[in-house]
Amino acid sequence: MRGLALQVQEGLGRDPFAGDVFVFRGRSGSLIKAIWHDGIGLSLYAKRLDRGRFIWPQTVDGAVPLTAAQMGYLLEAIDWRNPRQTWRPQSAG
């Protein structure tokens, strides 16, 4: 966690203790790690996919703000850029 917090501080120029969630993806794309400070200490969440890859947004300055919905899609390994409904109504009546 210290290494990721240092990347946030030095690489992104952000405060890792401000309460924001920072998410990092592994090289293969099948692992993500999220760190945040909850007011008491740093917390770490890690998830590795058995199959597939996490869809990662294009970064401009090293960081991309995500909405809560986009973060949910990311954690579920859903392509959040183009989510699709699994069911569509056939008629209104």
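Me: Where is Val 60 found, in terms of the elements β3 and α2?

Reply: Val 60 is found in the loop between β3 and α2. This is a predicted model, in which local features need pLDDT of at least 70 and side-chain atom pairs count only at pLDDT 80 or more, while totals for chains, interfaces and linings use all residues. Residues are numbered from 1 along each chain as its sequence is written, and side-chain values use heavy atoms, with hydrogens and water left out.

Me: Does Val 60 count as buried or exposed?

Reply: The classes rest on relative accessible area, with buried under 20%, exposed over 50% and partly exposed in between, for a 1.4 Å probe and protein chains only. Val 60 has 74% relative accessibility and therefore counts as exposed. Thr 67 is also found in the loop between β3 and α2, but at 44% relative accessibility Thr 67 counts as partly exposed.

Me: With which residues is Leu 75 in contact, leaving aside its neighbours within four places in sequence?

Reply: Contact is taken as heavy atoms within 4.5 Å. Once neighbours within four places in sequence are left aside, Leu 75 is in contact with Ile 32, Tyr 45, Lys 47 and Phe 54. Leu 75 belongs to helix α2 and counts as partly exposed at 22% relative accessibility. Between Leu 75 and Ala 46 there are 9.9 Å in space, C-alpha to C-alpha, for a sequence separation of 29 residues.

Me: What is the value of phi for Ala 77?

Reply: Phi of Ala 77 is near 60 degrees, which is a positive value in a residue other than glycine. Ala 77 lies in the segment after α2 (68-75), and this residue is partly exposed, with a relative accessible area of 28%.

Me: What does the side chain of Ser 30 make a polar contact with, and what does the side chain of His 37 reach?

Reply: A polar contact is a pair of N or O atoms within 3.5 Å, where within protein one must be able to donate a hydrogen and the other to accept it, and where residues adjacent in sequence count only if both atoms are side-chain atoms. The side chain of Ser 30 makes such a contact with the side chain of Ser 28, at 3.0 Å. Ser 30 lies in the loop between β1 and β2 and, with 14% relative accessibility, counts as buried. Beyond its neighbours within four places in sequence, Ser 30 is in contact with residues including Lys 47, Arg 48 and Phe 54.

The side chain of His 37 reaches the backbone nitrogen of Gly 39 at 3.1 Å. His 37 is found in strand β2 (residues 31-37) and is buried, with a relative accessible area of 19%. With neighbours within four places in sequence left aside, the contacts of His 37 are Pro 16, Phe 17, Gly 19 and Leu 42.

Me: Which residue forms a salt bridge with Asp 20?

Reply: Side chains of opposite charge can pair when their charged atoms come close. A salt bridge is a side-chain nitrogen of Lys or Arg within 4 Å of a carboxyl oxygen of Asp or Glu, and by this rule the count comes to 1. Asp 20 forms a salt bridge with Arg 14, the closest N and O atoms being 3.0 Å apart. Asp 20 is partly exposed at a relative accessible area of 33%, and Arg 14 is partly exposed at 38%.

Methods
Helices (H or I, at least four residues) and strands (E, at least two) are DSSP runs, numbered from the N terminus.
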